[in-house]
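Open your viewer and get your selection tool ready. We will take a short walk through pockets and surface, one stop at a time.

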Amino acid sequence: MTIVAREKFSSQAAPEVLAALRQLAESQGRQFQSVLDEALRDYLDRHQTDRPRRHVMASFASSLEEFDSLYRELAK
């Protein structure tokens, strides 16, 4: 089991944004901090243009795994 270090911080957000995040966390059976962490990571991924986003690379890797033989045939 991996232990992830956490750092507390304080900020402010619009009440409707916080309410929507809390509702989303509850509907998914997740903790609020988990949903907030994911939202922050997604924001950073979208704004760091020097590398592809993680979900894009994960989809690419999955596609390579699933269709490797097809891609090899097409490359001939």
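Start with the second largest pocket: its lining residues divide into nine nonpolar, three polar and one charged. Please keep in mind as you look that this is a predicted model.

To find the spot, select F9, S11, A13, L18 and L36, which lie nearest the centre of this second largest pocket. They belong to a lining of 13 residues. Next, colour helix 1 (15-28) and helix 2 (32-47), the elements that each give two or more residues to that lining. The space inside the second largest pocket comes to about 270 Å³.

Now move on to the largest pocket, which holds about 340 Å³ of space. What classes of residue make up the lining of the largest pocket? Five are nonpolar, one is polar and five are charged.

For the last stop, switch to a surface view and select V56, M57, F60, L64, F67, L70, Y71 and L74. Together these residues make a nonpolar surface patch of about 710 Å².

Finish by zooming in on L74, found in helix 3 (residues 54-75). Is L74 buried or exposed? L74 counts as exposed because its relative accessibility is 62%, and the cut-off for exposed is over 50%.

Note on methods
Residues are numbered from 1 along each chain as its sequence is written. This is a predicted model: local features need pLDDT of at least 70, side-chain atom pairs count only at pLDDT 80 or more; totals for chains, interfaces and linings use all residues. Side-chain values use heavy atoms; hydrogens and water are left out. On a 1 Å grid over the protein atoms alone, a cavity is a set of points where a 1.4 Å probe fits but cannot get out, and a pocket is an open set with protein on both sides within 12 Å along at least five of seven lines; lining residues have an atom within 4 Å of a point. Grid points are joined across faces, edges and corners, and a volume is the space filled by probe spheres set on the points. Ala, Val, Leu, Ile, Met, Phe, Trp, Tyr, Cys and Pro count as nonpolar, Asp, Glu, Lys and Arg as charged, and the others, Gly among them, as polar. Helices (H or I, at least four residues) and strands (E, at least two) are DSSP runs, numbered from the N terminus. Patches are made of residues with over 30% relative accessible area and no salt bridge: like charges are joined within 9 Å, nonpolar side chains (Val, Leu, Ile, Met, Phe, Trp, Tyr) within 5 Å. Accessible areas come from the Shrake-Rupley method with a 1.4 Å probe; for residues, only the protein chains shown count as cover. A salt bridge is a side-chain nitrogen of Lys or Arg within 4 Å of a carboxyl oxygen of Asp or Glu. Buried means under 20% relative accessible area, exposed over 50%, partly exposed in between (1.4 Å probe, protein chains only).
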